[in-house]
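Hi,

Here is the structure I promised to pass on. Have a look, and then read on for what turned up in it.

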Amino acid sequence: MFSKKIKRISKEYYLNSTEKLARDLLGSVFVKKINQNEYIAAEIVETEAYLPQGDLACHAAVKKTPRNAPMFESGGILYIYFIYGNHFCSNIVTETEGKGSAVLIRAAKPLEGISEMQQNRGVLDIRKLCNGPGNFSKAFGLNKGYNYLDLSDYENSEIQLFRLNNYPDNEIIQTTRIGIKKHSELPLRFYVRDSEFISRK
DNA sequence: CAAGTGATTTACT
DNA sequence: GTAAATCACTTGC
């Protein structure tokens, strides 16, 4: 499927700190199986961390509610929510059970299933298929039905995450998060420098 | 830059 | 229960 080798990611990996994971998940590949031999795949190039402590922008900051409940599970599952009447945002839950934290997938570089993504998005330009959290979710057809899905269950899950690239620090930009009011000054957004697939500079 | 969109949460009766 | 405010976005002007 890929010219370059991809590797599985262990369940324990997702128990690391959310900030480290937001940085390290750049270069991983998000893969959705759509048929026997058909896949949609894209390399994550932009993320944001939402921390379990001292982060008022985190959905889990106040308390556990029906919406944010997936964030309190053990890391490695999806947390997907509906926002602004139009869009879904997809997150990877992080850390140990009970913490309330996740990494938002903000943008990705399409690798496989380009035509399916183009259909899902209604857009042809490859750079615009996954250039934003709502667009990424739409390109992959993600919605609340995929909440709680285990990305590390390589035997059963329809969606899985693999390691493709490892970026050195000098190829990663760390800056402030986008579109939030509270704690907007915290530098918890990460993206691959010079990538043409990120949501914005 | 502003509008559109509806689920979710909170703050009250 | 009901109402109001909020919202980790996208598109088109």
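Let me start with arginine 177, which counts as buried because it has 21 C-beta neighbours inside 10 Å (buried takes 20 or more other C-beta atoms within 10 Å of a residue's own, exposed 12 or fewer, partly exposed in between, with C-beta atoms placed from the backbone). This is a predicted model, in which local features need pLDDT of at least 70, side-chain atom pairs count only at pLDDT 80 or more, and totals for chains, interfaces and linings use all residues. Residues are numbered from 1 along each chain as its sequence is written, while chains are lettered from A and ligands numbered from 1 in the order in which they are written.

Arginine 177 sits in the loop between β8 (172-175) and β9 (189-192); strands are DSSP runs of E, at least two residues, and helices runs of H or I, at least four, numbered from the N terminus. Leaving aside neighbours within four places in sequence, its contacts include Glu48, Ala57 and Arg189 (contact: C-beta atoms, placed from the backbone, within 7 Å).

Strands pair if DSSP finds at least two bridges between them. β8 is also antiparallel to β9, with four bridges, and isoleucine 173 has tyrosine 191 as its bridge partner.

In β9, Arg189 and Tyr191 point one way and Phe190 and Val192 the other, all of them buried. In a regular strand the side chains alternate between the two faces of the sheet.

Best wishes

Terms used:
Two residues are in contact if their C-beta atoms, placed from the backbone, lie within 7 Å.
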